Amino acid sequence: PGVQWLGDHGTVVSDPGPSEEQADWDEILRRWDLDPTQFMVVEPVLFNTWGGPDGQQNKQWKAKVVRRTIATTDLEPLIRDALKRKPSKRAFTGEGTFNVVLGDWQIGKADGDGLDGTIQRVIDAREAVIQRIRDLRRLGRPIGHLNVLWTGDSIEACVGHYSSQTFAVELDRRDQVKVTRRLLTDSLMAWSKQFDSVMVAAVGGNHGENRQNGKAFTGVHDNDDLAIVEQVQEILAANESAFGHVQFAVARDSMTCTIPSAGWVLGLTHGHVAGGAGLPEKKLRDWWQRQ
């Protein structure tokens, strides 16, 4: 009895028992810490039977188990949606710059109120940005430019960060990427109407890394956080007239990225670059002093 997980599917075997009916798979999944709302059993078979000393026939069931997925959209429908957008009549001039930091969404993580709660907070934040900009402009702030600072850990990933991660996420890697891509695309489409120029600057986090045995093994550029931004860039590039004022700076062979902004230089990185000892704030301070 137990579960064997093979990355995108697995096998579950029930406890032996005298029941004449097929096994209660929801109960079996719960026994092995698999939420029936996130996993489901397909193709169950009766693979073992034997007679007990009392003449009772014992049965044991075996079945394939897969992760349930949510309905999300692929790249082509998103591009078609982007192509429908018409250029907005922007008149948002001014030297002021507004910064929005998008970090550590970790889409797919089940902690707290899980995926639904995370998505709702992202949507609420998207609308809060628009409201904040309107409030500032009513106060006379000359804001004409937006920086969107993408600082990593946009997805939770499925393996390589802690021992039970594979069973503790609500979405597989592909669906984590899909949901995150949709949220970022929708946010940029909404915000781009509010500014004459937009810069999206992106670095990768540790949860976006392509890992094997708990370690990144290909290169710092091989990161889902960055791949998602590149996909969104391609989506918006399909409609130059509506989104030509949205520019991208995506880190390539570095864990850091810098952009000029309002006469300053803004630098981005993700906190996992800071090793050493002590509390996180000490690690970051020590790392910064070594630059």
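The model is predicted, so local features need pLDDT of at least 70, side-chain atom pairs count only at pLDDT 80 or more, and totals for chains, interfaces and linings use all residues. Residues are numbered from 1 along each chain as its sequence is written, and side-chain values use heavy atoms, with hydrogens and water left out.

Strand β1 covers residues 2–5 and strand β2 covers residues 9–13. Helices (H or I, at least four residues) and strands (E, at least two) are DSSP runs, numbered from the N terminus. β1 and β2 run antiparallel, joined by four bridges. Two strands pair if DSSP finds at least two bridges between them. Here W5 stands opposite G10. β2 also pairs with strand β4 (residues 57–67), again in the antiparallel sense, over five bridges. The partner of V13 in β4 is K62.

Now move to strand β5, residues 96–102. One face is covered: G96, F98, V100 and L102. The other, with T97, N99 and V101, is uncovered. β5 runs parallel to strand β6 (residues 143–150), and seven bridges join them. Among the bridge partners, G96 goes with I143 and T97 with H145. Between these strands the chain passes through helix α3 (residues 114–138), and this β-α-β crossover is right-handed. The term means that, with the strands pointing away from the viewer, the path from the first strand over the helix to the second runs clockwise.

β6 is mostly covered, with seven of its eight residues buried. Buried means under 20% relative accessible area, exposed over 50%, and partly exposed in between (1.4 Å probe, protein chains only). β6 also pairs with strand β7 (residues 197–202), in the parallel sense over six bridges. In this pairing L149 stands opposite A201.

Helix α5 takes up residues 173–192. Its 20 residues reach 28 Å from first C-alpha to last, close to the 28 Å expected at 1.5 Å a residue. The expected span is 1.5 Å times one less than the number of residues. α5 is mostly covered, too: 16 of its 20 residues are buried.

Next comes the largest pocket, with a volume of about 280 Å³. On a 1 Å grid over the protein atoms alone, a pocket is an open set of points with protein on both sides within 12 Å along at least five of seven lines, where a 1.4 Å probe fits; lining residues have an atom within 4 Å of a point. Grid points are joined across faces, edges and corners, and the volume is the space filled by probe spheres set on the points. Of the 14 lining residues, A157, C158, V159, R173 and R211 are the closest to the centre. The lining divides into five nonpolar, four polar and five charged residues.

Two backbone angles deserve a look. Most residues other than glycine have a negative phi. D104, in the loop between β5 and α3, has a positive phi near 55°. D104 is partly exposed, because its relative accessible area is 41%. A262 sits in the loop between β11 (256–261) and β12 (264–269). Its phi is also positive, about 50°. With a relative accessible area of 55%, A262 is exposed.

Last, E281 lies in helix α8 (residues 280–289). E281 counts as partly exposed because its relative accessibility is 48%. E281 and M40 are 241 residues apart along the chain, and their C-alpha atoms are separated by 42 Å.

How values were computed. Ala, Val, Leu, Ile, Met, Phe, Trp, Tyr, Cys and Pro count as nonpolar, Asp, Glu, Lys and Arg as charged, and the others, Gly among them, as polar.
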